[in-house]
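Dear colleague,

Here is the structure that I said I would pass on to you. Please open it beside this email, and then read the notes that follow.

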Amino acid sequence: MIFTNRQNVMRFLSFLVFAFISITCSPQEAPESFDRAEPYIERQPIHYKYAPKIEIPLTRNEDGSYRVSLQTGSEEIVTLHYLGETYPLLVSANKAIDVYIDRGYFPFRTRVKGFSSELNELYQEYLIKAGSYKEKIIREMTRFRANESNEVLETYKQLIEVSKEYFEHTSFDDFIYKAIGEYLVMALNDIQTKMTTPCYDIEAERQAVLDEAVQLNFFTLKSLNAQRAGIRDFTNAFAGTFGIKDSLDRKYGHDLMDYDVNRLGYEALNKARESVLDYIKDEDAYVHAQMYLVAERIGEAPFDKAEKSYFDFLESYPEYIEFLTGQYEAKKSVQPGEPAVGFSIRDKDGQIHRMEDYKGKFVLLDIWASWCIPCHQEFPHMERLYKKYSRDDFEIIALSIDEDRDAWERTINRYQHEWPQLYDGKGFQQETFNAYQGGGIPFHILINREGKIERNNDIRASFNLEQVMDSLLQNEKYETSELKGSTLKF
């Protein structure tokens, strides 16, 4: 049944997000039901996470269909979003198309009238055929994760062949490269599952994946543009085969979040990611890949490291200067010592909270969501510290980026935290979160008594917040005693 296929496609998409347990939550991990109730169209941005979203207006026709028109000089694939699922549409300048959505079955039974209607029919057939392979991958994943005999990688290879069968020599050939990218990332993940296997030659297996990537033309500009996140997923999975995160987890005694791993293991991770670029021979593809790595560093790496990377890139490759400069300046504006981002947001009872209301105390701004498991894991540590420090010295403000108000209210009612709980229903488009250049959650900003940023997302209640707060408060006592001593001498 088509309905069953739709459910399994969503299971597969969820699997792609959670196949390897993440310790931060990103926009891709937000539940599908939290997406907008009405469909909308997006053009591909320069960077999937840090570049502004480019939306195209939809006009609803009298018959319930949606008209899509685009002012562009050439054909372009845009993405139709509806209830957390996506659907590709081929559009061209001055060639409007009408899209008919069956709301109970989307993306299945979607019809396109006008330009690219034949390609749409082909994609509908592909959805159904590819679904059986994706169902098989889901079934095999338990054995894959347990390092038992499985057919996950072989099934991914079959998906590549299915994509070629339908889309080779068509305007949808991007889906071939998408399938190739997903296969290669999973091949690198396979190495991670086998790293502790006796006599397993990690270096040889790692090299084999790189060689296969070259053979499959993965390191081309067309291929990198077709991926969900450019070169990022491949380089991250590649760096994961060096065991850097495991080493840091052992050193600090618990699972670190992605942001902390990127910060503490920056040099080793960066070296591993950069080594992939040696396999990119096309200059345009090389610059595109470098741009992605620089953008990721600005967003997640220690700012001094990211700053050097940014300036080095601009000196050599000015092609992406507008995007990267905008990201760099935004990130620079929220570094320690800069004024905290102002906000005016209501709590459950409708009371407005403003950042300036909390001046005179240290404030931990906790940006979270009800569906984010790592966010919940921080709560016990936050509760302990909330009890340890007085309200004169320390406050927590929780800002939810949930879109589902009921889910938010159920969660705050469950925990009954004493600190303020704020909500505006804007999800990952929440202005304060974006102003701080947030990428994933939980996201934490520590603000000092003067209303300036003390720490930008390099503190966790489960990791180092207590040491940071103790040091700040101790320094205040020392400065106060020094001031008293000076007064007495005077």
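Is Gln416 buried or exposed? Gln416 is exposed, with a relative accessible area of 56%, where buried means under 20%, exposed over 50% and partly exposed in between, with a 1.4 Å probe and protein chains only.

Please keep in mind that this is a predicted model, in which local features need pLDDT of at least 70 and side-chain atom pairs count only at pLDDT 80 or more, while totals for chains, interfaces and linings use all residues. Residues are numbered from 1 along each chain as its sequence is written, and side-chain values use heavy atoms, with hydrogens and water left out.

Gln416 also has a positive phi, near 55 degrees, in a residue other than glycine, and its place is the loop between helix 15 (405-415) and strand 13 (421-423); helices (H or I, at least four residues) and strands (E, at least two) are DSSP runs numbered from the N terminus. Leu83, not a glycine either, has a positive phi of about 50 degrees, and Leu83 is partly exposed at 27% relative accessibility. Most residues other than glycine have a negative phi, and most peptide bonds are trans.

A cis peptide bond joins Phe106 and Pro107, with omega about 15 degrees, and another cis peptide bond joins Ile441 and Pro442, with omega about 5 degrees.

Finally, strand 1 (residues 40-43) runs antiparallel to strand 5 (residues 76-82), to which 3 bridges join it, and strands count as paired if DSSP finds at least two bridges between them. Glu42 has Thr79 of strand 5 as its bridge partner, and Glu42 also stands opposite Glu55 in strand 2.
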